[in-house]
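Work through the exercises below with the sequence and the model in view. Each task is followed by a stepwise solution.

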Number of protein chains: 2
Amino acid sequence: MTTDFSHHFSERARQMKASDVRELLKLLQMPDMISFAGGLPSAETFPVEIIKDIVKDVLERNGDQILQYGITEGYAPLRESIASRMASKGMDVTTDNILVVSGSQQVIDLAGKVFINPKDTIVVSAPTYLAALTGFNTYQASYEAIPIDDQNMRMDIFEERMKKLAGEGNHPKLVYVLPNFQNPSGVTMPTRNRKRLVDMASEYDFVILEDDPYGELRYVGDHLPALKTFDDEGRVIFTSTFSKVLAPGLRVGWAVADPGILKKMIIAKQSTDVCTSVLGQAIAHEYMVRKHMDRQIEHIKKVYGEKLRLMLDAMHEFVPDSIRWTKPEGGMFLWATLPDGMQSPDLLEKALKRKIAFVSGKAFFPNPSDGFSTMRLNFTYPSNEKITEGIRRLGEVIHGELGHR
Amino acid sequence: MTTDFSHHFSERARQMKASDVRELLKLLQMPDMISFAGGLPSAETFPVEIIKDIVKDVLERNGDQILQYGITEGYAPLRESIASRMASKGMDVTTDNILVVSGSQQVIDLAGKVFINPKDTIVVSAPTYLAALTGFNTYQASYEAIPIDDQNMRMDIFEERMKKLAGEGNHPKLVYVLPNFQNPSGVTMPTRNRKRLVDMASEYDFVILEDDPYGELRYVGDHLPALKTFDDEGRVIFTSTFSKVLAPGLRVGWAVADPGILKKMIIAKQSTDVCTSVLGQAIAHEYMVRKHMDRQIEHIKKVYGEKLRLMLDAMHEFVPDSIRWTKPEGGMFLWATLPDGMQSPDLLEKALKRKIAFVSGKAFFPNPSDGFSTMRLNFTYPSNEKITEGIRRLGEVIHGELGHR
């Protein structure tokens, strides 16, 4: 018997719906599909043999502890090794600033729990990371959406809007940014804008959630300092993950934050999932102790850098000039904007018939009427051959569309 | 520099505070402490060697998949093996009814997300599982607290209260119960009350969250059917975990629910932590495939059953008759009630000086003025010797208290 429970659902649950990306994933199971849709690391980079050795050793040495509940803050040795890695990146932090989480998505959920009341305005770029929007939606946030350009969030517009909101008595408490190789656009915020954003946090009294899953994956140009490195007042919550540089299946990420904020996040995490997989944490720690991390990052950069070059070359060769696209220096995604009037959901429908998948950009905008002329292309998951062939086919589909107009 | 962010915290975060149990855990690090305070399985039961073999094999066979992101619903082979195990316990379920979660605590969080609006009344027993209260508090629930007796929730009082609430126009949508060897009291709900509760769910149109972490850990008497087995209308969300029968450090549990409810929980989980550790899931699945589960449960039952007997014997020998305590048939906890006027927080202070720890029962009541004369004693974590010696010392402390009155 099926019962309708919809009258029992909370307000937040009533507005939950399966994302377009999620629905799309089902199509991707089709054989011969070339998918630029996902956001998956390439499995060819996973250090399977090393992890196998590590698990054997840590279970032999310390199985009783690793298979037991851990404390909510995280496995102590891992917190230390993360703290020292973050310090080496210029952050003024100790172990007390580190919370280990079950993937950095959890930091979005915990920040929502700790900061957002229904209708609170939070500032995001448009486009921004889809699952940050769905995460903040759970806490019934309102959005102030700031457009991006090839320097990530438009700081001039951000300043203007903050002034205007303040004039209206609206003081957003949280600003969410992905400064490096932003998902979905691939664009990066220059250092002067990072400093300016941190200064403004103090000026306007807001907290910044700096989401940095891809910071280590820079294939071109020089590393830029995290917003957190400019943060004298503890206003920046920095989060990153082992998912992109080791393996997502372990579900281990971390947050770096002011202890006063972290304390609330820890209490919230305790009633959310008690603690992060201790086995996963022990693997991540041992991986760093054995000094595999930097070698692995170099390896991944080589593999993904090549894929990015192949995609950019193929775009140049096969995609008509009336399409514009970003030139990421790292990360996993490239973002394309179609000529006026061409709609990415329509294009996707036709592309799927040619066994090409991407994500229509509209999913990444807080305003559901935005982004119809945009698309996100992932270059890390498909093989090198599929990148070139896929973009060739995509070019044909776009040419076909242009011909019909 | 330290900044005060308290004005930015959400309403829910302002009321979050570290639990007494959490604070207590720090004291437990002291050498020679005999702790009946925690809720940890005994590490001596962890099948370290088997897990080591399993990890080696699953990584060799399927490393690329196991280290990758998984789908939110759970690792497909594990969902299947859980569905067939649940079917063998009398539940009418398929894979579509199963959601794998990052420990069963996550089901409490997801149920809160999906069902609870601020001020919604939910029904719990008093006492009940502490981290369910803190989990539901996150969603700003109000509680209707039903007292327990040695048959778990008092059904007569439950019926009376439901009638009264209905008369006031208040229709609780969620009832949270732990029918087997309840945490904290160890008491079990008889079959007729289980049936009655499911019938009432239909009559009063509510959903039941049936939390069953210890159901397999029965040391005395016969297994009783889950509430879920009487559920024709999909009103019961059943949850259990591998934490108590395999290893908590893997963080793998599951929910069994109506697909309409599960769909909302899946969307909520996606923005909470994307998916549960795939490595942990693969270990749990392979553990079942290799038919270790039932053997392991028999082993644990032998170990814990002996510990329970030792604790009951020691209580009988060393603890004065003016104290009453439950006689659990399974699970991990025993619950004691002090004579009128004796307060467990005071007793705990004195016990800690004798290097004995327990949890004052007050933490387990939704009403902060309740439970001062109660205490929870865990018998699974301490060694057999420590159980006897610890209860002996506890008896002395209680005798001392009684002598002073």
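**Exercise 1.** Compare the span of helix H4 of chain A with the expected span.

Solution. Helix H4 covers residues 76-88 of chain A, 13 residues. Helices are DSSP runs of H or I with at least four residues, strands are runs of E with at least two, and both are numbered from the N terminus. The expected span is 1.5 Å times one less than the number of residues. H4 reaches 19 Å from its first C-alpha to its last, close to the 18 Å expected.

This is a predicted model: local features need pLDDT of at least 70, side-chain atom pairs count only at pLDDT 80 or more, and totals for chains, interfaces and linings use all residues. Residues are numbered from 1 along each chain as its sequence is written, chains are lettered from A and ligands numbered from 1 in the order in which they are written, and side-chain values use heavy atoms, without hydrogens and water.

**Exercise 2.** Which residues of H4(A) are buried, and what do the buried residues pack against?

Solution. Buried means under 20% relative accessible area (1.4 Å probe, protein chains only). Leu78(A), Arg79(A), Ser81(A), Ile82(A), Ala83(A), Arg85(A) and Met86(A) are buried in H4(A). Their partners, by contact (heavy atoms within 4.5 Å), include strand E2 (98-101), strand E8 (236-241) and helix H11 (292-318) of chain A. After H4(A) comes Gly90(A), with a positive phi near 95°.

How values were computed. Buried means under 20% relative accessible area, exposed over 50%, partly exposed in between (1.4 Å probe, protein chains only).
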